[in-house]
There are 2 protein chains.
Amino acid sequence: MTRLARPGESPPTPRSVDVARLAGVSQKTVSRVLNDEPYVSADVRRRVLDAAEELGYRRNQAARALASGRTRSIGVVTLGSALYGPASWLMGIERAVREVGYTLRVAATIEGDPGGIASALASLLGQGVDGVVISEPIDEGVGLISVDVPVLVLGAPPTFAAPQVVTARVGAGRLARAATEHLLELGHATVHHLAGPQRWYSARDRLAGWREALRAHGADEPPVVEGDWSAASGYAAGRELASDGTVTAVFAANDDMAIGLIRAQLEAGRRVPEDISVVGFDDIPVAAYVTPPLTTVRQPFDEVTRQGLALLVQVIEKPDVELPPAADQPVELVVRASTAPPPPRPIP
Amino acid sequence: MTRLARPGESPPTPRSVDVARLAGVSQKTVSRVLNDEPYVSADVRRRVLDAAEELGYRRNQAARALASGRTRSIGVVTLGSALYGPASWLMGIERAVREVGYTLRVAATIEGDPGGIASALASLLGQGVDGVVISEPIDEGVGLISVDVPVLVLGAPPTFAAPQVVTARVGAGRLARAATEHLLELGHATVHHLAGPQRWYSARDRLAGWREALRAHGADEPPVVEGDWSAASGYAAGRELASDGTVTAVFAANDDMAIGLIRAQLEAGRRVPEDISVVGFDDIPVAAYVTPPLTTVRQPFDEVTRQGLALLVQVIEKPDVELPPAADQPVELVVRASTAPPPPRPIP
DNA sequence: CGTAGACATGACTGCGCAATCATACAGGAC
DNA sequence: GTCCTGTATGATTGCGCAGTCATGTCTACG
């Protein structure tokens, strides 16, 4: 932490003792002021803050962590990709973490790296984070991973052994169900599903929501096509589906795949939404501007991360207080122009 | 850092002394082994590693940082958004940071927050990072920000006072120039530009590249339309441009705006690319699948971050060694179907 | 008016590790 | 054999802060 100034450079960074000396108090009192502890007179507080300001003093986090046993940092395990969903989660978490006065450490897992989550977690724990957020985990068949700090799992059921596990379910399942029901209510006999990779919990959630909706409406359950989230995989799936004239509605597990799928339909001479309706998932920024504008489902990233982190921090700071149940977030289906009633009769 | 076990819980986490005791050596020797320092016999090394393994020992990073003055962590200042560009930079950085054996701390700036970069930097410096990466900075008119660790600036010229400043230019300007030239070479008399917000260096870079290309070809320089990166702003700009029949080619500063712009053209009854050609920037995942598939420019995120970080780490660890010049990254223009020669005569 | 409590401050200590210095023993040069 | 250099290890110390306890001052109240 000591920044070794090269000869002739700026003075060394000040310590709390320096502040104390300048303010005419003890080092401990400086610590009191900076930590907002009680029993400091207004006068002394003022002097200390002024002195700190004058010296440009910043507390040494390593020393704080060592002395107090807390780093005031939260680690995030995220997918090492720029996919809209994971990236949005991460940014939501950053905002929320900062709001509660913590700092953020990030470890990315790499798709296909076995033990990726476990090693990312190990790296974070080694850094001494006070809590961990796991964003949209994928199933690695690792079984129970054991962690000695509280864990917040976003968008998936917990499979971690930890002092406390908090979950913030997005209700992706409910959202998927709403998307499917939207299509059924337009009059489609059934709805096909272009699923995400089933190693992802969020992909399984969406599939389950789709299935529920079909069952509730007594609709047939057509075979599932699985993609890998990419528009390319959506395109491939779309070519396959285009050869089946009975398909009139598809719910894709994300917008990228939906867009690829639509392109395949157009190339096959089928119009969207006249011949086939498509619903996506995520509401990526361009969803409203592609052709046709995409009906999709929007996830409340900010609200979910904020709520989840508030819980996590409470668990970290007051492990014994009872947790309030997480409030459900509102479902938001954004209806645009990629969905319509089915054509009068299936295309032969 | 001390994880206080609640009564009846697992034993406290082991310290290096515990490892030392088990291995029958001194604490310092454990430190030597774990830091790969010389002058340790193979036998002792083995015993220490075994003992550490047996106890599940992990070094306390706070203590290491305090004792050594280095955190072995790199801080990143990034835009708090899920925009494709910033998110891709961040993930590229994560991979690169891990490859060089450091860990990552993230601070996001908030658009519109005055002093955002400065406060994000302050937060990171307070955490004691050994180096800082600033990704696609925006101009806050803050003037010189002073930092006491080496800085890597991605995609922009440096405006920081720091012991060492490294830049990894993406060559966005060159890429923008290539995009514009592509249109000119198709026969367009000139190319309009839908710029990004000019507070962003990367937006200014792209504008400059566009301007250079026009000058080099002796083409007229039409007025610039400025968007805010969003598809919505591209759409708005597109409506404006659509009323001008002389516009036959547009270079948009990112793909989202290009997609919004294309949608506005279609709604105005102009065909892309027959009536008007559009080039984007970024090659977002869906760019190949929108209608028409988007001609765009791809940034070499991974190569640039990897090279830049290698330099940054070298500067951190060996401040006195001369830096090799950064190699230029290859320009990649991805030609798809949104560009074509201009229509025979301007639409009246 | 003496004492219990609230308030305000400081002295001292220790967090877990790496840096520094000291020590000990090899083997080679002379 | 003595001296040296290179190798291998340990003892001690200190990084900069917060925790603990001691101490002092001021009010309130019987």
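Helices (H or I, at least four residues) and strands (E, at least two) are taken as DSSP runs and numbered from the N terminus. The model is predicted: local features require pLDDT of at least 70, side-chain atom pairs count only at pLDDT 80 or more, and totals for chains, interfaces and linings use all residues. Residues are numbered from 1 along each chain as its sequence is written, while chains are lettered from A and ligands numbered from 1 in the order in which they are written.

DNA strand D is surrounded by 26 residues, a residue being near a molecule or strand if its C-beta atom, placed from the backbone, lies within 6 Å of it. The closest are S16(A), S31(A), A67(A), S26(B) and T29(B). At least two residues of this surface come from each of α2 (27-34) and α4 (61-68) of chain A and α2 (27-34) and α4 (61-68) of chain B; α4(A) gives the most, with five residues. The surface near DNA strand D comprises eleven nonpolar, ten polar and five charged residues, where Ala, Val, Leu, Ile, Met, Phe, Trp, Tyr, Cys and Pro count as nonpolar, Asp, Glu, Lys and Arg as charged, and the others, Gly among them, as polar.

The contact between the chains takes 46 residues from chain A and 46 residues from chain B, with two residues in contact if their C-beta atoms, placed from the backbone, lie within 7 Å. On the side of chain A that touches chain B, the largest share, six residues, comes from α5(A). Because 98% of the interface residues of chain A are also interface residues in chain B, the copies meet through the same surface.

Within chain A, strand β3 (residues 131-135) has five of its five residues buried, that is, with 20 or more other C-beta atoms within 10 Å of their own, C-beta atoms being placed from the backbone. G131(A), V133(A) and S135(A) point one way from β3(A), and V132(A) and I134(A) the other way. Strand β1 (residues 73-79) of chain A pairs with β3(A) in the parallel sense over four bridges, pairing requiring at least two DSSP bridges. V77(A) has I134(A) as its bridge partner, and I134(A) also stands opposite V153(A) in β5(A).

How values were computed:
Buried ≥ 20, exposed ≤ 12 C-beta atoms within 10 Å, placed from the backbone.
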